[in-house]
Amino acid sequence: AEWAPGQFALIGVNDNQEPPLKRPFSIASSPLDSPQISFMIKHHHGRATNWLFDKIKEGEETELMIPMGHMTLQENEDEQIIIGTGIGIAPMFSLIDYLAAKNFPQKTRLVYGARHVKEIFYLEKLEKLSKEHENFELYTTVSRPEVEWNGNTGRADSVLENLDIDFSKQ
């Protein structure tokens, strides 16, 4: 399957309940990793995530409708500002992995917010990318740090306010 960074898929839930159910999940992997596709899914204890976490067995088949959605990367020379919080970071990983594979051709800034430090996924990977690529800057923030945290505190919008970003081109 082919998709653009930032798109999502509908996953069919084969739980033998009526009505049949399909739920959207953001694709977290880059299309350059194709045919591998990955998702970051938070267990909300609803019908779909209960089935995904507790019932589906390895090797079991289900329906996957892909690609969907138009929140995709605009491939141009302009600076990329990527903002994600909580589990909403999932499609942003698709964008970041895609741009990293292309060696970040333009300046890219990721503002990544979470409530708690333990909810910042792949922090080491992101920090490594920011050290290896001069065109990639990482800004993490935690709104409720319960442990020692040396990074930004507050919500993602407070980090954005402190960055020198020209939004007039939008």
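Helices (H or I, at least four residues) and strands (E, at least two) are DSSP runs, numbered from the N terminus. With that settled, here is where P19 sits: in the loop between β1 and β2.

Before going on, a word on the source. This is a predicted model, in which local features need pLDDT of at least 70, side-chain atom pairs count only at pLDDT 80 or more, and totals for chains, interfaces and linings use all residues. Residues are numbered from 1 along each chain as its sequence is written, and side-chain values use heavy atoms, with hydrogens and water left out.

Back to P19. A cis peptide bond joins E18 to P19, with omega about -5 degrees. There is also a cis peptide bond between I66 and P67, where omega is about -10 degrees. P67 belongs to strand β3.

That brings me to the sheet with β3 in it. Strands pair here if DSSP finds at least two bridges between them. In general, strands of a sheet pair through backbone hydrogen bonds, either parallel or antiparallel. This sheet is open, has three strands in the order β2-β1-β3, and its pairing is antiparallel. At the edges are β2 (21-26) and β3 (64-68), each pairing on one side only. On average, neighbouring strands of this sheet are turned by 25 degrees against each other, direction ignored. For angles, axes are lines fitted to C-alpha atoms, for helices over the stretch in contact, and values run from 0 to 180 degrees between N-to-C directions.

Strand β1 (residues 8-13) pairs with β2 in the antiparallel sense over six bridges.

Which strands make it up, and in what order? It is an open sheet of four strands, β4-β5-β6-β7, with parallel pairing. β4 and β7 (152-153) stand at the edges with a single partner strand each, so one side of each has no neighbour in the sheet. Strand β6 (residues 136-142) pairs with β7 in the parallel sense over two bridges, and T141 stands opposite N152 in β7. Helix α2 packs on the sheet, touching β4, β5 and β6, and its direction makes about 145 degrees with that of β4. Helix α3 packs on the sheet too, touching β5 and β6, with about 145 degrees between its direction and that of β6.

β4 and β5 pair in the parallel sense over six bridges, and T85 has G113 in β5 as its bridge partner. For the next point, buried means under 20% relative accessible area, exposed over 50%, and partly exposed in between (1.4 Å probe, protein chains only).

Next, the two helices against each other. The axes of α2 (residues 90-101) and α3 (residues 123-132) come within 12 Å and cross at roughly 35 degrees. In α2, F93, I96, D97 and A100 meet K125, L126 and L129 of α3. Sorted by class, that contact has five nonpolar, no polar and two charged residues. The classes are as follows: Ala, Val, Leu, Ile, Met, Phe, Trp, Tyr, Cys and Pro are nonpolar, Asp, Glu, Lys and Arg are charged, and the others, Gly among them, are polar.

Two loop residues deserve a look. F104, in the loop between α2 and β5, has a positive phi of about 45 degrees although it is not a glycine. F104 counts as buried because its relative accessibility is 1%. Y122, in the loop between β5 and α3, is not a glycine either, and its phi is positive at about 55 degrees.

Last, R109, in strand β5 (residues 108-114). Is R109 buried or exposed? Buried, because its relative accessibility is 5%. What does the side chain of R109 join in a polar contact? The side chain of E79, at 2.4 Å. A polar contact is a pair of N or O atoms within 3.5 Å; within protein, one must be able to donate a hydrogen and the other to accept it, and residues adjacent in sequence count only if both atoms are side-chain atoms. A polar atom of the R109 side chain also lies 3.0 Å from the backbone oxygen of D164. Leaving aside neighbours within four places in sequence, R109 is in contact with residues including I82, E137, Y139 and L163.

Technical notes
Contact = heavy atoms within 4.5 Å.
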